[in-house]
Amino acid sequence: MSDPGNFVGGADRSLGQLVATATAEMSALVHDEIALAKAEVRQDVKRGVMGSAAGIIAGVLLLFAIPTLSFAAAYGIHNLGLGLAWSFLIVGGAFILLGVLLALFAVAKFKKVKPPEKSIASAKQSAAVLQGVKPHPRPVVAPGPSRPAIGGSSLVDKAVEKSPVQDKSSAVARSSA
């Protein structure tokens, strides 16, 4: 977030302007966090789709190619002089090996899918910064010659008495008033 002291005339801005600036910056921060999360999720979805496609293709290849190519390869090996049963066993083992290799590729792609770590870290950092923000203590104005008390106390003094204690100095000032 930006530092309000960097603005020209930053000390002369009204409370409304400060609230508007803070609201705008918080809105921009939330939008940026959402955009970062979307980008990370989009990247992981692409990886997941690629892994799924590889798994589906491996299944389709195994399903449709095995019968056709098995017969052709087995009879081809049999023509080389090996028995027909051994020929079919060799071909079946080759297709199983190909299917296992494609399944391992699919698992490798699925393992690369991760939670949106940058978004989580950024959101945690923003939450930590916002939790550390505390309101500025307000000075207690005691009735004096420039501020006479009306009926024993002024409306401002009553409001100060009702507001929560923010630090030790204001608590001491309120107790002595």
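1. In this predicted model, the side chains of Asp 44 and Arg 47 meet in a salt bridge, at 3.3 Å from N to O; the term stands for a side-chain nitrogen of Lys or Arg within 4 Å of a carboxyl oxygen of Asp or Glu. A search of the whole structure finds one salt bridge. Side chains of opposite charge can pair when their charged atoms come close.

2. Because the model is predicted, local features need pLDDT of at least 70 and side-chain atom pairs count only at pLDDT 80 or more, while totals for chains, interfaces and linings use all residues. Residues are numbered from 1 along each chain as its sequence is written, and side-chain values use heavy atoms, with hydrogens and water left out.

3. Asp 44 is buried, with a relative accessible area of 11%, whereas Arg 47 is partly exposed at 26%; buried means under 20% relative accessible area, exposed over 50%, and partly exposed in between, with a 1.4 Å probe and protein chains only.

4. As for the overall make-up, the chain has five helices and zero strands, and its elements run α-α-α-α-α from the N terminus on. Helices (H or I, at least four residues) and strands (E, at least two) are DSSP runs, numbered from the N terminus. Of the 177 residues in the chain, 13% are buried.

5. The axes of helix H1 (residues 15-79) and H2 come within 9 Å and cross at roughly 170 degrees, so H1 is roughly antiparallel to H2. Here the axes are lines fitted to C-alpha atoms, for helices over the stretch in contact, with angles from 0 to 180 degrees between N-to-C directions; angles under 35 degrees count as roughly parallel, over 145 as roughly antiparallel, 65 to 115 as roughly perpendicular and the rest as oblique.

6. On the surface, Ile 96, Leu 97, Val 100, Leu 101 and Leu 104 form a nonpolar patch with about 500 Å² of accessible area together. Such a patch takes residues with over 30% relative accessible area and no salt bridge, joining nonpolar side chains (Val, Leu, Ile, Met, Phe, Trp, Tyr) within 5 Å and like charges within 9 Å; the areas come from the Shrake-Rupley method with a 1.4 Å probe, and for residues only the protein chains shown count as cover. Leu 104, placed in helix H2 (residues 84-111), counts as exposed because its relative accessibility is 53%.

7. Ile 34, found in helix H1 and partly exposed at 43% relative accessibility, is 85 residues from Ser 119 in sequence and 7.9 Å from Ser 119 in space, C-alpha to C-alpha. Ile 90, in helix H2, is 20 residues from Ser 70 in sequence and 9.2 Å from Ser 70 in space, C-alpha to C-alpha.
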